[in-house]
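Dear colleague,

Here is the structure you were to receive, with my notes below it. Please read them with the model open.

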Amino acid sequence: MMESAWLIPLFPLASFLFLLLFGSRLKEAASAWVGMFFTFASFVWSVFVLFDRLQSPTYKAEAGWLAIGDVQLTAGIEINQLNALMLMIVSLISFLVHMYSKGYMHGDARLPVFYAYLGFFTFAMLGLVMAPNLLQLYFFWELVGLGSFLLIGFYFYKDEAKRAAKKAFIMTRIGDVGLLVGMILLFWQVGSFEYDEIFQAVQAGAISAEIITLTAILIFIGAIGKSGQFPLHTWLPDAMEGPTPVSALIHAATMVAAGVYLVAAMFPLFTASETALTIVAVTGGFTAIFAASIGLVQKDIKRVLAYSTVSQLGYMMLALGSAGYAAGIFHLMTHAFFKALLFLAAGSVIHAVHTQDIEEMGGLWKKMKITGPLFLIGTLAISGVPLFSGFFSKDEILVAAWQHGNQGLFWLALIAAFFTAFYMFRLFFMVFTGDSRKTETNVRESPATMTLPMIVLGVLAIISGYANTHWFGTFLGDWLVEGNEYLAHVHSEAPGWIMLAATAVSAAGILLAYFIYSKRAISRSWMGGENSTVYIALYNKYFIDETYQFSFVALTRWISLFLSYIDRFIVGGLVNAVTGTVQSLGRVGSRLQNGQTQLYGTIAFLGLAVLVVIFALTGRYFG
Amino acid sequence: MDMETMLSYDWGAMAPEFIILGTAILLSILDLFAPKQFNRRSLAWLGLTGIFLAFITLLGLMGQETVSILHDTFKLDSFAVAFKLILLFGSALVIVMAHSYEPPEGMNEYRGEFYYLFLAALLGAMVMASSGDLITLFVGLELLSISSYILAGMRKKNLQSNEAAMKYVVNGGISTAITLFGMSYLYGLSGTTNLKEMSAWMVGVFDSQFQYLFGLAFFMILVGLTFKIASAPFHMWAPDVYQGAPTPVTAFLSVISKTAGFAMIYRILIGLFITAPGDSMGAFTFLEKNQVYLAFLAGITMIIGNILALRQRNIKRLFAYSSIAQAGYVLVAVATLGGGTFLFDTVWFYLMAYVFMNLGAFSVIQLVTEKSDTEDISGFAGLYKRSPWLAAVLSIFLLSLAGIPGTAGFIGKLNIILGSVTVEPGHYVLASIMMGTTVISYFYYFGIMTQMFFRPVQGAGNIKIPAGISVVLIVCAIGTILFGIMPSLAFDFLHVNFGDFADFFAL
């Protein structure tokens, strides 16, 4: 089965080409079926490949692609554990999103184009996760970026969407330059882009420690860009301008996980440098709490989820940086399921109430009998409530951070877990409980094409955690490192109190959210009335809220405000300074270009004179 | 020279040049005597046939031993064949483009002139690629230049076109004077105009005073030639001329004239100075010792081209700066000698990729600016709606120019960057400038794509693509993608047919 794994990315490519050429002649439903058919084929194939890989060793096939002198570049496929798992995750979520879009995008005139773009993206992402060398990975890495650009800008008539698409592309490109430079440095040192040869060279000590650290950091910069880590994260929340299924596919489950995948795929390089690992861990830990605190004050349902994605990706990086290879990938998997679920459920809500502002939502629990419970499952999973998948994977990460000796980061991660539980339940309570704050009367549950994928993800959001537990067995973790000479599986018992602490902070977060938002929801509905006595009575109720606000929330609010100011002025300022310099250079240059042909000749003469003078002075030809 | 020596030469080596010359003469006669109402547009097909025949003949000449005739002034070595392939192929595409060119004020009266002047320019470029002597090099250069001056002013009733031609002549005169002055030093020192003899003499010169004069000659010729390839410090004419000249001429200047310029840089600067000693010990060759100047010019050129392109609203001006930047990338390969062992492959591949992507882009530009009646980039707004195919192929060309993987442009850039870091000593600064400026270039290339895909439609109606242009577009798009995915096709072709270009240095 693994011999034919190269077919997997070709299915969505076929879908893309077919829809691009004949899409305009197809009916809306037909193009959706085409997309679904091809991605389903990919999914089935991926499942077979995964099962095959469970029984047999890593499969690798390569052919010469380009020979320059004695340098031989190859192209091919590699199915190791990580790749097989990623293939399954990507193709499954892509298929579910294809299905969901049939309902969500219903009535959009450019539906064939949408499905074509989705196919293109899926092709690129599947190609990325089976690349056997860095050059091929880079190739698909860029195509993934292009797919994301097209999909974010799908609503191109909206100014924000256009801007977001451009921003996403350019911000991630900044990271890509790091990756490219790191790649080329490695090539220069090792003479190959192949993972295996690079790792062998690292093990054999053929590369100096400084170069290992430098290249690892450069490659990590690429991962920072794609995975929305601080300070290159700002494109991700803006990318929410794209259609919601796109957010679920690209900006929750697949593309943003590519950065984590890259670090995992290059893991032996990172473990060879303690400095690089620390940088990964610190960046991840900081991003986790930084984004979580911003998530506390957002009002747009998708933006809350976007910041939570950034934060969760930070967790994964923290895990990898703490040498928790299996923990990072485990969380990547569970997160892919529950975050895709949350996005799809959010899409279902938006589909029903036609707004993204959570202040205008409320009381949807009774009206959306399927979406509500599913959203709750996702929320419980991400908050780390016991028995749900997020609980197990987050616990693994905390254990990894603790055992690696990153105690400061451990506490940060624990606080971030508290924040996560708090803002996710704030979201849940404001959207689903209380009374409706907007007079959207015609709220209906979404059609089956939308609820069915959510149900599948809901089930996975619960059960996927049992792939790796300390109660029943760490199947996933054992399998991932099996036969991999570069990874040693640390099989030590975790201190039991970590699990308790994690449970306690998530419970605290949930309770706090309940007190603040469930009550405020009630008070608001009364405030809406014209009766002034009730209004005054409520004022006192609200006063309690204010107390909470001043004691608990104010502090975090200030912190998050402070952080978002840093974000806006310092990080943004740096970016603006760079672009500003480039632009003013351009202005000066254009002023020189004044159309006077005398000047052109003068510049040429001056250039010649400068060259000759420098040549004469430095060449020691006189005296 | 008596008849016997004349007949003893292997004139077959010059057959492609003779075919182009014959076609040009035939076209001029036809243009002169054909009745007024005769539509001279169809002369393009005759010109194309000529180029095609020359191309076939050239393919037939491939794989022979180096032929050198007319006292070593004209030689057909693998380098000449490889570059002439690019020149002929590019010219064929441009002449098809020109067939569909229709400026607003019409150009029926001079359409005939266009084709034979164009072939004359091509002939000059081919002679440059094949020269073994300063005299023939210079004659080729002037034949190319003077024909180009007239071509730039082809739209006689258009003010901008006149301005372009005037500026081109003046700047071209300056550059020629500088080049010629540099050449005179070489002649004065060595007492010969023949490159082979000159090179043989220079190898043995260890006197540093002589080497200083080599330096003067080197820099003067270099600066003069930067005019032809539009790189710093002689790049400033390019935006004005590219903007004013008729679009097919702009395409010609940016691709074919530039390729010829690089051929000449190879013939004189690399050919002579790569073996000439650079110090009194002979520890370094002249080129090794002075690489840094070429690197400096390459860096400046990339920075100027890419940064100034950011501010352009006129699409042809934008592409002028883009082509300055592209010349900078190729200069990086020249400065780092393509990583040592790939002196020719890297540059040849990049120039070939450049033919595909840039001529493709110019074909779309020609079509869209004619139909939108504006050269502002807003003319591209909503192109995806007006003509999805045109938008799709232009995207391919832009992605390739920007160097996105999957395109020939990416492979070209990758080769250059890999070459510049693997050579000893590595040119890291230059490689970083190249990567940094490449990122800057995304802004303007993607700016055009944003216009095409994300802006509402400007200007009415769908665009009908003339048959000729669509052939050019298909060829260019296939080439751009094919050599992006399977670059080994091109490299294998080079290795099989030209080996490692060893005969370039054969003394």
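Helix H13 of chain A is largely enclosed by the rest of the structure, because 18 of its 22 residues are buried. This is a predicted model, and that applies to everything that follows. H13(A) covers residues 274-295 and reaches 31 Å from its first C-alpha to its last, close to the 32 Å expected at 1.5 Å a residue.

Chain A as a whole has 24 helices and two strands. Of its 623 residues, 54% count as buried. Among its contacts between residues at least 6 apart in sequence, 81% join residues at least 24 apart.

The largest nonpolar core has 418 residues, and A:Val263, A:Ala340, A:Leu341 and A:Ala413 are those with the most contacts inside it. Helix H19 of chain A, residues 407-432, gives the most to this core, with 20 residues. As for A:Ala340, its contacts, leaving aside residues up to four places away in sequence, are A:Ile93, A:Ala248, A:Ala252, A:Ala253 and A:Leu457.

Two loop residues in chain A deserve a look for their backbone angles. Most residues other than glycine have a negative phi, and most peptide bonds are trans. A:Ala323 has a positive phi, near 65°, and sits in the loop between helix H14 (301-321) and helix H15 (325-353) of chain A. A:Ala323 has 24 C-beta neighbours inside 10 Å, so it counts as buried. A:Leu387 also has a positive phi, near 80°, and its place is the loop between helix H17 (371-383) and helix H18 (389-403) of chain A. With 11 C-beta neighbours inside 10 Å, A:Leu387 counts as exposed.

In chain B there is a cis peptide bond between B:Ala232 and B:Pro233, with omega about 0°. B:Pro233 belongs to the loop between H9 and H10 of chain B.

Now the interface. On the side of chain B, 47 residues are in contact with 44 residues of chain A. The elements of chain B that give two or more residues to this side are helices H7 (159-190), H9 (208-229), H10 (237-244), H12 (286-309), H17 (408-422), H18 (428-454) and H20 (488-498). By class, this side of chain B has 34 nonpolar, 10 polar and three charged residues.

Within chain B, H17(B) packs against helix H19 (residues 467-485) at an angle of about 45°, with the axes 6 Å apart. The two helices, H17(B) and H19(B), are therefore oblique to each other. On the H17(B) side the residues that meet the partner are B:Ala408, B:Phe410 and B:Ile411, while H19(B) brings B:Gly479, B:Thr480, B:Phe483 and B:Gly484. This contact has four nonpolar, three polar and no charged residues.

The last item is B:Asn358, in helix H14 (residues 345-372) of chain B. Is B:Asn358 buried or exposed? B:Asn358 has 25 C-beta neighbours inside 10 Å, and so counts as buried. Apart from residues up to four places away in sequence, B:Asn358 touches B:Ser254, B:Val255 and B:Ser323. B:Asn358 and B:Ser254 are 104 residues apart in sequence, yet their C-alpha atoms are 8.1 Å apart in space.

Regards

Notes
Residues numbered from 1 in each chain as written. Chains lettered and ligands numbered in written order. Predicted model: local features only at pLDDT ≥ 70, side-chain atom pairs only at ≥ 80, totals over all residues. Contact = placed C-beta atoms within 7 Å. Helix = DSSP H or I, 4+ residues; strand = E, 2+ residues; numbered from the N terminus. Nonpolar A, V, L, I, M, F, W, Y, C, P; charged D, E, K, R; others polar. Expected span 1.5 Å × (residues − 1). Buried ≥ 20, exposed ≤ 12 C-beta atoms within 10 Å, placed from the backbone. Core = buried A, V, L, I, M, F, W, Y, C linked by C-beta atoms within 7 Å. Axes fitted to C-alpha atoms, helices over the stretch in contact; angles between N-to-C directions. Parallel < 35°, antiparallel > 145°, perpendicular 65-115°, else oblique.
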